Each structure stands twice: as structure tokens, then as C-alpha cells.
Number of protein chains: 2
Amino acid sequence: MTSHLRAGPLRARRTAGGKLLAVLAAFSRERPTLTLSEIARTVGVPLSTAHRLVGELTRWGALERDADGRFRIGLRIWELGALAPPALGLREAALPFMGDLYEVTHQNVQLAVRDGDEVVFVERIAGRDAVNVLTQVGGRFALPPTGVGLVLLAHAPAEVQEHVLAGPLTAYTQHTITDARQLRRVLAEVRRSGMAVSDRQVTEDAVSVAAPIEVRGAVVAALSIVVRGSSPAAVRSYAPGVRAAALGIGRILASTSTWS
Amino acid sequence: MTSHLRAGPLRARRTAGGKLLAVLAAFSRERPTLTLSEIARTVGVPLSTAHRLVGELTRWGALERDADGRFRIGLRIWELGALAPPALGLREAALPFMGDLYEVTHQNVQLAVRDGDEVVFVERIAGRDAVNVLTQVGGRFALPPTGVGLVLLAHAPAEVQEHVLAGPLTAYTQHTITDARQLRRVLAEVRRSGMAVSDRQVTEDAVSVAAPIEVRGAVVAALSIVVRGSSPAAVRSYAPGVRAAALGIGRILASTSTWS
DNA sequence: GATCTGTCTTCCGTCACGTGGAAGCGCGGT
DNA sequence: ACCGCGCTTCCACGTGACGGAAGACAGATC
């Protein structure tokens, strides 16, 4: 096979050709709606060009225009997204288990996959009140400090692990592990025990337990429970539940459709 | 404003320009993964062209290539989709309420929006067992026979209603309403009562109650409970719960971010 | 009312860049 | 050895994307 088309584990590349894609890339979690001028400025093309590009995308359904004349990502893209690996199978398989976990614990339940050297949050169940701005569905975060990230990193290809361990490890709190040597030990422990605990590494008041979701030996995602303002010991008691759910999800995935 | 760029209520159009988009359009719920040749055939371009297009999309993250060499929609598209109206706000606001509804009823709970003359299912909560193939997240269906569709159609712009009423009304079961005059009466009743009941109109064993989700007077989505193999009367008892949840969701939407 | 500043829209001549034919590679079947 | 199939790379050609320019429109400021 040995293809140039493989999306390498280490993301990002030159903008290449299609300006259509550049227009789509202008939208982000921070700026989910844009005006035509904003798009033109962000992409770096003249207004007339942006106008044509946006027109094409809008006709196709990739973008929508709301009443104020602002553009946003359209339904068509959302529908396509429903065909991507996170949504197709993984989400469907995981939701019931996540629901059960939530019913029992009434804590945040998270489902995430790895993309390059980042976690991407695929699903989250939380109470009506628990407004957790840090992790949003579709959001990204660095791998090392999060519970799911530790699990995903521990089972990532060696080349990814080395890249993360080599790069600077950002400290989000006092407790964030920033020493590569120590992180390496933690990852080994995660592999050994089959679970990870992130103790206030992301924010001062959040502790999480995470377990890998495996299908035929390969870790494809991670599941976690996040508790705010609790002791690591108490949180650790959730571990068996999380692991059981992760196991169940893996079993469903393996039995259903194709999962690389 | 009066723009050509407005995505009209009545979907579909000429394929226009960008072949990149045509490649993305080749993926569907029925065929979520494709080989390069399949893409070339579907789009109707020579293999070399498809190769370049797919390469561009893959580099960007819009497509991914799995171990077998087959292509699928990539994480990047899924992330963008998380910025679309269904996911951004609506989903977040609705999930807790849907979870509550499910906890109480243990029946299928559905969230849907309208796109042109079709329903698009945005979210669904179902038990681990209830495998309902007919409605999948990201899936589409005709408006008239479904509960959510009746609600959305009843509150759609007159031009959409006329278009649907004029077009042929497909009969999915013996009970599907296919008479325009009768459908018109039902829609009026839906508007009056603030809820819709679809009695075995989609399949012989499914009945659903649906309620509109309104924000500042505009119906932006619909919520429903679907019950299999039950009498309409029994199902109707769920109506207050559904309506209360829909009301709650609308309130959240109105209070939070911008909702056209 | 005049002017300015910002937004969006349309038009059209030029030339980069996407296009697709052709050739080559690797594999599995006969 | 031969063929068929799917994939990859290369490159000369000609089309369709690009963006400058001009103008419509709305809101603010004087």
C-alpha cells in the first residue's frame, strides 16, 4: 500500500490547493459564525473571491446563512460528519453505556478518540447544571493532562508517544505532569493497570478516571468519568464501572461493523 | 439583503463547480466507505483526477483512509459538523431533557429539525436493545408520516407546506395519510393543540407523540417519543412529558446563544 | 443632505492551476 | 507468462477560477 495519502499521525500540513477547504477551516469553536468579510480576511483572499467560494459552499449546503447574514456550518456538513468514525458505530455503541454510567454516578461521562497528538471529545453526558466549558463535543485538548488522553497516549504508536514526550509539556495546573521521565512512568502504569487517573492535571478541581475501549486488541477510544472537587481516592471507586462500560462498548464495536 | 446565496427552503441544485464537494457527496449512509475507484466512478471523473482530489481532501483531514485502503469521512468534517446548528446549542440543550424523558419512559426519544421537505434526525436516545434502523442520527425521512415531521411541517413556511401537499404523499403503511385535504386538517389540528401524533404512519408497530421546540415564537426543532406496538391512547399519555421537555429546551435555547 | 466607512454584490479579462490522457507499478488470479 | 484490476505518478493543455474594479446599499457622523 505505502501511500502518500495516509493521514499521518502527526497532523497539519501546508494549505495546499482548494480554497473551498480554507473557507471551511475559517470556522472554529471560538468563531462558529462569520460574515463574508470576516471569512475573506481570515482566509486571506479578496472579497470577490470569498463571495464566490462562499456562494458555492452555500448552494451545496456546506454553509448556511442565518437571518443576520452571517454564515455558519451547514446541515450537509453535519450529516457527513455523522458518517465519520466517531459517529458511525462508536457513538451509537457507547451512548447506552454512557447513559447507564451517568444514571449511576451522576457525574460527567466522556468519550474521546485520539487525533495526532490531541484528544478529540466525541461525546459527553452531563447533568443539566454541570456546565463544563473545558470539554465540549467536537473539542480538542492536549493528550497528557486528561484522563482519556493518558489512556490514548499510552496505547498510541511509539512514534506518537515520542513526539509528545519530546515536545514541551504544558502545565495547566500545579499538578500537571511536565517531566517526560515521570510521564513515561505514568504511561507504563496506565498500560499495566488498564486505567488512568488524572488528578487535577487539567483544572484544580477536576479528577478523572479513564479506561481504554479496545476492539480486537487495538485501543480505538477512551471512556472517562470526571468528578469535580473530590478526592482521587473517591474517584478511583468509579474505576470498575468505567472499565466495565469500556469493555462492553468494545465488545459491541467488535461484533458490529468494521472497525480498523 | 436579497441574496442569491440564501439556501432556499427547497433543497437540491446543480452540481455547480467544486469537484471536491462532489467527492464528499459520494459518501452516504448506505455507502460510508469507498475505494478510490468507487469514488471515481460515482463522481464521474478519471481515476487520476479522483486520486488528486482525494489526496487533497485526505491531507486536509476531510477524508481518512483505513487499513484496507478504503476512504471514509474524516475527523475534521465531524468536528466541523459539531459547529452546525443541530449540534451547536440545540443538541447540548436538548440532551439532558431527552435523558430525563428516557429515564422516565424508557422509550425511544427523538430530536429532529427540518431541511427543505425532509426531517433530519439530530439526536436519538434508545435503550441498548431497541435497535431502530429506521431513524438514525444524521438520517433523513419524509415529513408527513413522522410525528416530528408533522410538527415541523405544521409550522413551516406556507410555501414549503404547499410544496409538500402538492407533491405525491408516499404511503408507508395502511395508516399513512395520503390525502392532501386530510393532511391539511391534521396540520391545523397540530398547530391548534401544540402536538402531533403519528399513529402507525411510518411502520405498522410504531406510534409517536411529538411537540415543537420554539424559541421566540419560531419552531426550530421537534421532540418526540416513539413507542413500538402500543395503542395510540397509551402513547398519548406521554404527551405532557414531551411537551414539557420541548418547552424546557426552547427556554434554554432562547436564553443561551443566538438562535435565528 | 453630503460624506465617509463599512458591508456585500456583480462583472469580466487574464493566466495560474486543475484536468485527464498516458504510462508504469504491484498484486492476485488463470 | 499473461491478463485484469486498482492505484500512483507525470506532464502538456485549455478551461474555469481568480481578483481587480466599479457600484449598490446601509449606517454613522457632521
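This is a predicted model: local features need pLDDT of at least 70, side-chain atom pairs count only at pLDDT 80 or more; totals for chains, interfaces and linings use all residues.
1. DNA strand C is surrounded by 17 residues, and the closest are A:Ser37, A:Leu47, B:Pro46, B:Thr49 and B:Arg52. Of the atoms of DNA strand C that come within 4 Å of the protein, 62% belong to sugar and phosphate.

2. By class, the surface near DNA strand C consists of 8 polar, 5 nonpolar and 4 charged residues. Three helices each supply at least two residues of this surface: H2 (36–43) and H3 (47–60) of chain A, and H3 (47–60) of chain B. H3(B) gives the largest share, with 4 residues.

3. For A:Arg65, a polar side-chain atom is 3.2 Å from a phosphate oxygen of DNA strand C. For A:His51, the distance from a side-chain N or O atom to a phosphate oxygen of DNA strand C is 3.4 Å.

4. A base is also reached: a side-chain N or O atom of B:Ser48 lies 3.0 Å from a base oxygen of DNA strand C.

5. Turning to strand E4 of chain A (residues 108–115), 7 of its 8 residues are buried. E4(A) runs antiparallel to strand E9 (residues 218–228) of chain A, with 5 bridges between them. Within this pairing, A:Val109 has A:Ile225 as its bridge partner.

6. E4(A) is also antiparallel to strand E5 (residues 118–125) of chain A, joined by 7 bridges. Here A:Ala112 is partnered with A:Phe121. The hairpin of E4(A) and E5(A) has 2 residues between the strands, and A:Gly116 takes a positive phi near 60° there.

Terms used. Residues are numbered from 1 along each chain as its sequence is written. Chains are lettered from A and ligands numbered from 1 in the order in which they are written. Side-chain values use heavy atoms; hydrogens and water are left out. A residue is near a molecule or strand if one of its heavy atoms lies within 4 Å of it. A polar contact is a pair of N or O atoms within 3.5 Å; within protein, one must be able to donate a hydrogen and the other to accept it, and residues adjacent in sequence count only if both atoms are side-chain atoms. Ala, Val, Leu, Ile, Met, Phe, Trp, Tyr, Cys and Pro count as nonpolar, Asp, Glu, Lys and Arg as charged, and the others, Gly among them, as polar. Buried means under 20% relative accessible area, exposed over 50%, partly exposed in between (1.4 Å probe, protein chains only). Two strands pair if DSSP finds at least two bridges between them.
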